[in-house]
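Here's a quick briefing to read alongside the model. Grab your viewer and follow along.

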Amino acid sequence: MTSVKSNWNSSIKDGEYQRKESQFRNWITPDGSAGISGSGGFQAEADRYHLYVSLACPWAHRTLVFRQLKGLENLISVSVVNPDMHDIGWSFKHDAESAKLYGTTGDDLYGDEYIFEKYLAQDPHYTGVNSVPVLWDKKNKVIVNNESSEIIRMFNSAFNDITGNTLDFYPEHLRTKIEEVNELVYHKINNGVYKSGFATTQEAYDKNVKELFVALDEVEQILANNRYLTGDELTEADWRLWVTLVRFDSVYHTHFKCNLRLIEQYNNIYNFMLELYQMPNIAKTVNEAHIKRHYYASHLSFNPYGIVPITHKQDWTELHNRNKTFN
Ligand SMILES: N[C@@H](CCC(=O)N[C@@H](CS)C(=O)NCC(=O)O)C(=O)O
């Protein structure tokens, strides 16, 4: 059928997981001028752009969160892949049951079967990673961008004139601080859980899992003294951490062997997680069944029977203590 291979095993070097660079780096801008990278021609418009996501993927999750925060729900449409990802990557397998359980939609725009078809449509010789999220231009039928850290920055400001939503999660005066926190959170936590879980040597696992928990201790301390990671304003840095937190106790702790502690055991981090979860329209971006099914049933080399464990229930709607601590 295809020579496309989508497998985390192909990204291992010296026992350690190496995340590959995203290749499509165009920017949507208010007037269609070129952004920080890539080419111009992608003007912010209602109903022109589309997101392809998995609800399991923390990187894709960031883009869904920003779609909500910035009031883009009616402007940017979404398709959700099937949680099971095997050799040829994300599929659009979809029926009434998967829709109900995992929120799948199929490729409701083009009827493709796999995500890789989007990439091959851009370049029949494409050999990069067939990842989600994909930000798609419905007008020109091209991929705009497949790097979530950039997609959230576009969403943060490019559509402001259309939506009138001027909330700013990357404010000028906090940028240095945000970048500093992102650096720690990305390498040691967001990607740290993957580097722990995908390690194929004891050394690589030991190193990464230790660094992960040192970083979590550091974050716990920051959140003891500050409501949010960069002070008293909620920024992209917080949301970038949060997508990993909501997957931690049910997946990373067990599946990726990040089991020194649960997030529930960190007073500040856990309450911070609850506070963000309870913000308007955010809870609906979390699909626990899709998350668990993806990780446990897709990485069969280290969970060969694809058994999805029961994980103990947490009530994320319970009262958090952040208002009391910081008023
Ligand atoms: N740099 C990308 C990373 C996205 C990514 O790694 N997505 C994973 C799912 S969590 C994926 O689709 N992987 C497919 C593959 O590795 O073949 C971003 O942040 O947007």
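Let's start at Ser 131, which touches Ile 115, Tyr 119 and Asn 146, leaving aside residues up to four places away in sequence; contact here means heavy atoms within 4.5 Å. Keep in mind that this is a predicted model, where local features need pLDDT of at least 70, side-chain atom pairs count only at pLDDT 80 or more, and totals for chains, interfaces and linings use all residues. Residues are numbered from 1 along each chain as its sequence is written, and side-chain values use heavy atoms, with hydrogens and water left out.

**Around Ser 131**
- Ser 131 sits in the loop between helix 3 and strand 7; helices (H or I, at least four residues) and strands (E, at least two) are DSSP runs, numbered from the N terminus.
- With 17% relative accessibility, Ser 131 counts as buried (buried is under 20% relative accessible area, exposed is over 50%, partly exposed is in between, using a 1.4 Å probe and protein chains only).
- Ala 44 is 87 residues away along the chain, and its C-alpha atom is 23 Å from that of Ser 131.

- Four strands make an open sheet in the order 4-3-7-8, with mixed pairing; two strands pair if DSSP finds at least two bridges between them.
- Strand 4 (76-80) and strand 8 (142-145) are the edges, each pairing on one side only.
- On average, neighbouring strands of this sheet are turned by 35 degrees against each other, direction ignored (axes are lines fitted to C-alpha atoms, for helices over the stretch in contact, and angles run from 0 to 180 degrees between N-to-C directions).
- Strand 3 (residues 49-53) runs antiparallel to strand 7, joined by four bridges, and Tyr 52 has Val 134 as its bridge partner in strand 7.
- On to strand 8: three bridges join it to strand 7 (residues 134-137), again antiparallel, and Leu 135 is partnered with Asn 145.
- Strands 7 and 8 form a hairpin with four residues between them, and Lys 141 in the turn has a positive phi of about 50 degrees.
- In a regular strand the side chains alternate between the two faces of the sheet.
- In strand 7, Val 134 and Trp 136 point one way, Leu 135 and Asp 137 the other, and all are buried.

**Aromatic pairs**
- The structure holds 28 aromatic pairs (rings of Phe, Tyr and Trp, the last by its six-membered ring, pair if their centres lie within 6.5 Å; planes under 30 degrees apart count as stacked, over 60 as edge-to-face and the rest as tilted).
- Trp 59 and Tyr 186 make a tilted pair, because their ring centres are 5.7 Å apart and their planes sit at 55 degrees.
- Trp 59 is in helix 1 (residues 58-69) and Tyr 186 in helix 6 (residues 175-197), so this pair ties together parts 127 residues apart in sequence.
- Trp 59 is buried at 10% relative accessible area, while Tyr 186 is partly exposed at 21%.
- Tyr 110 and Trp 136 also have centres 5.7 Å apart, but their planes are at 65 degrees, so that pair is edge-to-face.
- Trp 136 is buried at 4% relative accessible area, and Tyr 110 is partly exposed at 30%.
- Ring pairs also build a cluster whose members include Tyr 17, Trp 59, Tyr 186, Phe 248 and Phe 302.

**Charges over rings**
- Lys 118 lies over the face of Trp 136, 5.5 Å from the ring centre (the criterion is NZ of Lys or CZ of Arg within 6 Å of the ring centre and within 35 degrees of the ring normal).
- Arg 153 puts its charged end over the ring of Tyr 170, 3.7 Å from the centre.
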